[in-house]
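Morning, everyone. Let me put the model up, and then we'll walk through its sheets, helices and cores.

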Amino acid sequence: MSSPRRIPVPAGLTIEWEQPEDEHNFWALDRMHFPHPTTRIDDVMHHMIYGPGMNHGFATYDMPMRADARRIWAHLYMSVTPLRLPDEELEAMGKRSEEKLGAAMGQIMERWETTWLPEIQEHLRYWENFDLQGASISELLSHLDETLHRLQRVWALHFEIVFPVQLPVSLFDEFYRDLFGDDNKFAAFGLVQGFDNLTVRAGTELWKLRRTAQASPGVGTILNEHAAADVLPALDATDDGRRFLGELREYLDEYGQRGESWGVSFPSWIEDPTTVIATLQEYMTQPDRDPEQELVDMAADREQHIAAARERLQSYPEPVRNQFEFLLKAAQEGNILSEDHGFWIDFRTSYQVRRVFMEFGRRFVETNIIADANDIFHLTIDEIRETTERLGEIALDRTALVAERKAEIERYQSVALPPAVGTEPPGPPPVNPMTQLLGKFFGKPPQPSANPNVLNGAAGSPGIVQGTARIIRTLADASQLRAGDILVAETTAPPWTPLFATVAAVVTDTGGVLSHCAVVAREYRIPAVVGTGMATSVIKDGQLIEVDGDRGIVRVVQGDG
């Protein structure tokens with residue numbers, strides 16, 4: 001075992017550690033979830049996620065690990081470290097963890113429906129029923145305290161859910177390979193795909209809106225002839241348009257309680273539906289597609305694969321067949337809940353918490369403390385409390401402080417940051433089901449390529465296709481996408497899913513075969529190469545590229561962009 005080695009900091013950068021002992025831990029940049037600089041309020045969320053949240057999951061299932069997060073250079077770095085315990089204690093803990101996770105995997109849908117989801121919905125009702133605008137100052141401050149308390153509980157639930165939900169998909173993949181020795185690296189995933197979930201449903205319901213728009217010549221004309229930002233006032237000027245607006249608002253009420261990425265600083269689709277409208281406009285150019293039928297076809301293929309696997313298993317011992325059925329059921333339910341839990345927690349909950357902060361922002365704007373309600377996210381919780389408690393007493397001005405913190409974010413927006421800081425661990429992580437899952441989820445560093453026109457990554461979704469590369473860094477860029485383009489991004493979040501119905505393939509800098517991008521690409525049957533590390537900095541917008549999702553290779557065919 002090698003000695004721990006301090007990771008050198010690149011020239012021009014310095015680290016001020018939050019706690020002195022932090023420099024002795026290994027901190028990895030989480031570009032897959034948080035590729036952009038983060039605000040002070042989102043930093044509070046990140047500490048909840050990777051502190052009390054993830055650690056609650058570890059403790060619930062006796063997993064010998066602990067996690068934490070730090071904001072370094074305005075970006076999120078996370079640390080997951082093993083507990084330092086005697087070998088015999090670690091072994092006993094591992095056995096308990098295996099038993100607890102196994103029991104949870106056998107009950108995930110039941111627990112979701114009877115325990116987890118009802119509690120999540122109870123928290124959501126609390127936020128929905130609170131009168132933010134009518135609250136007094138003291139009531140609003142008490143509501144903030146209760147919001148943070150409930151949010152911590154919701155993120156604890158998140159990891160209580162996510163470990164037994166995501167683990168069986170990885171375990172089934174390993175078990176399937178051991179059973180059949182199949183060279184097709186995607187074979188096992190074909191048995192767990194094609195189920196309806198809330199992420200896919202957000203796309204199919206938007207497709208239904210496209211049909212409604214097509215059925216109304218006036219609405220269709222407005223969508224075809226106006227820029228996305230100008231569509232809402234144009235619709236509001238006609239009777240047919242106002243009726244369509246009603247249906248659009250119903251869609252947004254159900255599926256628009258989310259921003260473009262994880263966190264509370266991003267405006268929701270309800271606040272700014274431009275992205276939804278731009279996607280709807282692109283759907284209008286694809287008259288021959290039927291996503292609902294595609295889902296039916298994928299479900300039929302899934303059942304054929306399951307039948308074939310069961311046929312091959314007839315001669316195997318009964319315990320093997322039983323284990324196959326157990327893991328198959330758990331993986332299928334896990335694939336559904338992997339998306340559904342995110343719909344409710346990662347985004348719907350975050351939207352409600354965002355509303356709380358935006359009310360503080362609104363009041364601060366009214367009293368000239370900040371210039372824009374969204375500036376509230378650049379203040380800390382303590383600064384928000386202190387400012388609120390002093391409202392009306394003296395003239396306060398936080399604009400200079402907000403400007404300073406915006407400048408910090410701007411500074412680190414385009415700086416190439418190291419993928420890890422702190423101290424390298426003394427050896428490789430232990431090989432166990434959880435480390436295998438994390439490797440498939442976050443991905444591993446890609447193999448270097450000797451050819452400057454070839455990028456290596458992880459095979460995310462099968463197929464080979466050529467198309468025009470479009471570098472999409474935020475959903476505001478999504479209006480550039482046309483049918484048949486190839487989406488190239490640092491990462492994709494669930495709100496990006498409707499774009500998968502338009503593009504021919506996806507390439508990302510981050511992620512592994514079980515990342516959100518790879519899973520959704522397989523559901524949409526488009527090739528994906530994930531975890532390339534640098535696609536967004538090497539590939540130029542407008543270049544013709546080839547995506548080989550079977551081998552995990554991206555090739556620049558021609559073009560300077």
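**Sheets, helices, cores**

Start with the open sheet of 5 strands. Its order is β1-β5-β2-β4-β3, and the pairing is antiparallel. Strands pair here if DSSP finds at least two bridges between them. Helices (H or I, at least four residues) and strands (E, at least two) are DSSP runs, numbered from the N terminus.

A word on the source. This is a predicted model, so to speak: local features need pLDDT of at least 70, side-chain atom pairs count only at pLDDT 80 or more, and totals for chains, interfaces and linings use all residues. Residues are numbered from 1 along each chain as its sequence is written, and side-chain values use heavy atoms, with hydrogens and water left out.

Back to that sheet. β1 pairs with β5, residues 420-424, in the antiparallel sense over 2 bridges. Arg6 stands opposite Thr423 in β5. Helix α1, residues 40-60, lies across β3 and β4 (75-82). Its direction is at about 170° to β3. Axes are lines fitted to C-alpha atoms, for helices over the stretch in contact, and angles run from 0 to 180 degrees between N-to-C directions.

Now the open sheet of 8 strands. What is its strand order? It reads β6-β13-β12-β8-β9-β10-β11-β7, with mixed pairing. β6 (454-456) and β7 (458-461) stand at the edges with a single partner strand each, so one side of each has no neighbour in the sheet. The twist averages 30° from one strand to the next. β10 (residues 505-508) and β11 (residues 528-530) run parallel, joined by 2 bridges. Val506 stands opposite Ala528 in β11. Helix α15, residues 516-523, packs on this sheet and touches β7, β10 and β11. Contact means heavy atoms within 4.5 Å.

Next, a helix pair. The axes of α4 and α11 (residues 318-366) come within 7 Å and cross at roughly 160°. The two are therefore roughly antiparallel, a label for angles over 145 degrees.

Last, the cores. A nonpolar core is a set of buried Ala, Val, Leu, Ile, Met, Phe, Trp, Tyr and Cys residues joined through side-chain atoms within 4.5 Å. Buried means under 20% relative accessible area, with a 1.4 Å probe and protein chains only. The largest core has 138 residues, and Phe163, Phe172, Phe324 and Phe357 have the most contacts inside it. Helix α4, residues 137-180, gives the largest share, 20 residues. A second, separate core of 14 residues includes Ile471, Ile486, Val488 and Val556.

How values were computed:
Buried means under 20% relative accessible area, exposed over 50%, partly exposed in between (1.4 Å probe, protein chains only). Angles under 35 degrees count as roughly parallel, over 145 as roughly antiparallel, 65 to 115 as roughly perpendicular and the rest as oblique.
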